[in-house]
Amino acid sequence: MKVAVVGYPNVGKSSLVNRLTGSREAVVHERAGITRDRKEIVCEWNGRRFTLIDTGGMDFLDEDPLAGSIREQAQAALNDAEVAVFVVDAQAGVRPGDEELADLLRRWPKPVLVAANKVDDVKDMAFAHEFHRLGLGEPIAVSAAQGLGTGDLLDRVTAELPEGADHEDEADETIRLAIIGRPNVGKSTFVNQVLGSERVIVSDVAGTTRDAIDLPLEFEGRRIIVVDTAGMRRQAKVTESVEYYTTLRSQRAVERADVALVVCDAHDGVTAQDLRVAELAMQEGCATALVLNKWDVANMEEDALDHERAKVNNKLRLRPKVLTASAKTGRNVERVMREVVGLGDRMQARIPTPQLNRFLSEVVQERQPPAKQGSRLRLLYMAQYDVRPPRFAIQVNSRNRVTRDYAYFIENRLRRRFAMDGVPLVIDFKERKQRER
């Protein structure tokens, strides 16, 4: 069940969402208009679980096309929700924008609660009474900054929610997919194409997406949580505080993902920054693939594509696949999503121990293990002991004889044998203990 949090720009919606959920998921800044897409965050209160939808500020007089898109996203949040929390600024009083939004909400067929925010002191409680005139019932005085009245608001929200199934935990089979990349390469367009709807705002202006937005999707019977993220620039180019925090949230989205798609602009090919973004994803334990977007208009020759793939294989140890797609037309998007499912499956797959030991024997036959001081490394036994990412243990006679070169050789052969390109692998070399006599 979902609760939409709506209101005029800069009334403290995101701050209130963070306070109610006990998180820092929503981007907060003193400048108006920071939240643009709708972001869903799970909240729990008195045994009830539901999802709060943080939305951008709705200003009906702003003629900017981006403002129109923000209003559409907020309206879509209302369409999904069972209850609406209308946040107003108690310090500013009733403004024309509040009255216009109240008029829309009075016609909405579901419960609406008015949260008069910025009541940071008990003596300011009277400020909330002015909002009776909106015709939406008793206003609830709250302070996102101090926490005042938030328990009362949550009590009212849970009382208005219909009885039934609360938010369920994600199943283990769910694949968390982070869509990452430089600004303005088409990440949000790709997400909308995958979802089949205008779920996130798309603009020619770089940096339109500012939050990491979780979007549930079912693809060929598999549940996927798609996370659209803000564009990730080089740290030296992150000049303002808003961009710093949105980049930080993109990195956190990668930390909780199973699979990362690095979206690149086919006009530019795979740039040094694209490689850095992919490296970040792989360091965080994500299975990774790169997607050359805008393929239909880039007119890249097959030889050029081979060059890009060779560059990636040479630069990135995990050897992720380089795919082509057009987010705008949908060309190859399904193929990319099948690769995502494959990567997610390989992240949680277990390889039987007999197969691993046959593989180990073949590796030794192909290339003799190194020797030090006249004594050769022996690979005795191999088993997988964990998933997400896959982790393996190889029992050896002496860890000191394991060279980096031979360890990389085993990793590359393991990747090739079990189709693990782009999947992070952890291989531990464990020394066999000497038997006591």
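What follows describes salt bridges and then cysteines.

This is a predicted model, in which local features need pLDDT of at least 70 and side-chain atom pairs count only at pLDDT 80 or more, while totals for chains, interfaces and linings use all residues. Residues are numbered from 1 along each chain as its sequence is written, and side-chain values use heavy atoms, with hydrogens and water left out.

A salt bridge is counted when a side-chain nitrogen of Lys or Arg lies within 4 Å of a carboxyl oxygen of Asp or Glu, and by this rule there are 22 salt bridges.

| Pair | N to O distance |
|---|---|
| D265 and K294 | 3.2 Å |
| E334 and R338 | 3.2 Å |
| R413 and E366 | 2.8 Å |

R413 belongs to helix α12 (residues 404–417) and E366 to helix α11 (residues 353–366), so that their pair links distant parts of the chain, 47 residues apart; helices (H or I, at least four residues) and strands (E, at least two) are DSSP runs, numbered from the N terminus. By contrast, E334 and R338 both lie in helix α10 (residues 333–347), four residues apart, about one turn of the helix.

Accessibility is described as buried under 20% relative accessible area, exposed over 50%, and partly exposed in between (1.4 Å probe, protein chains only). D265 is buried at 9%, whereas K294 is partly exposed at 24%.

C264 is buried at 0% relative accessibility, and C286 is likewise buried at 0%. The whole structure has zero disulfides, a disulfide being a pair of cysteine sulfur atoms within 2.5 Å.
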